[in-house]
Amino acid sequence: MKLLLSEKEVQKKVKALARKISQDFSGKEVLLVGVLKGAFIFMADLARQMTIPVKMDFVRLASYGTGIRSAGKVKLTKDVETPLRGQNVIVVEDIIDTGITLKYLSRCLKARRPRSLKVVALLDKPGRREVNFHPDYVGFRIDDHFVVGYGLDCAEEYRNLQGIYVLK
Ligand code: PRP
């Protein structure tokens, strides 16, 4: 395992993202929608750094059909429990790879008529994109490495690491 982003680098970036989002939504309330499981640690830190009123909810998605998400078939296996109509929704994601998950989720959530819908991703692998999707806020753009830590797993291991590591 090789360190890619230290705990300090991650925390600095999370703080900067929280500040930017809090400025952009100054005077408003936002609903953070975390994509389980990977985003739970990022969302916990992001939410605590925000300086505007924040509510939180979660979704979970699964691939089906061939068993690989890049087959492009995604479904919601856990929906939000909050009505989204009129809310400033910010989807919180740990990593964007092909973009298929977020493209699907964004379309799904937009249909609920939120006041606004934005996406924040801590990590983005633009080189892996298979569908056209651009997040509104990005922490780090990274190359195509298999990364773990800070919520990201390999067979459910390593999610609790403070930093982000490349798994060789
Ligand atoms: C990861 C990540 C995103 C998705 C991104 O989730 O958290 O939800 O993959 O991939 P895409 O851009 O190619 O659609 P994962 O399937 O690893 O589930 P987990 O968060 O529960 O670990």
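**Exercise 1.** State how many salt bridges a search of the whole structure finds, then work through the pair R112 and D79.

*Solution.* The search of the whole structure gives 12 salt bridges (a side-chain nitrogen of Lys or Arg within 4 Å of a carboxyl oxygen of Asp or Glu). The model is predicted: local features need pLDDT of at least 70 and side-chain atom pairs pLDDT 80 or more, while totals for chains, interfaces and linings use all residues. Residues are numbered from 1 along each chain as its sequence is written, and side-chain values use heavy atoms, without hydrogens and water.

Step 1. In the bridge between R112 and D79, the closest N and O atoms are 2.9 Å apart.

Step 2. R112 sits in the loop between α3 (100-110) and β6, and D79 in the loop between β4 (74-78) and β5, so distant parts of the chain, 33 residues apart, are linked (helices are DSSP runs of H or I, at least four residues, and strands runs of E, at least two, numbered from the N terminus).

Step 3. R112 is partly exposed at 27% relative accessible area, and D79 is partly exposed at 32% (buried is under 20%, exposed over 50%, partly exposed in between; 1.4 Å probe, protein chains only).

**Exercise 2.** Describe the salt bridge of R128 and D144.

*Solution.* Step 1. Their side chains meet at 3.9 Å, N to O.

Step 2. R128 is in the loop between β6 and β7, and D144 in the loop between β7 and β8 (147-148), so the bridge ties together parts 16 residues apart in sequence.

Step 3. R128 is partly exposed, at 32% relative accessibility, whereas D144 is exposed, at 51%.
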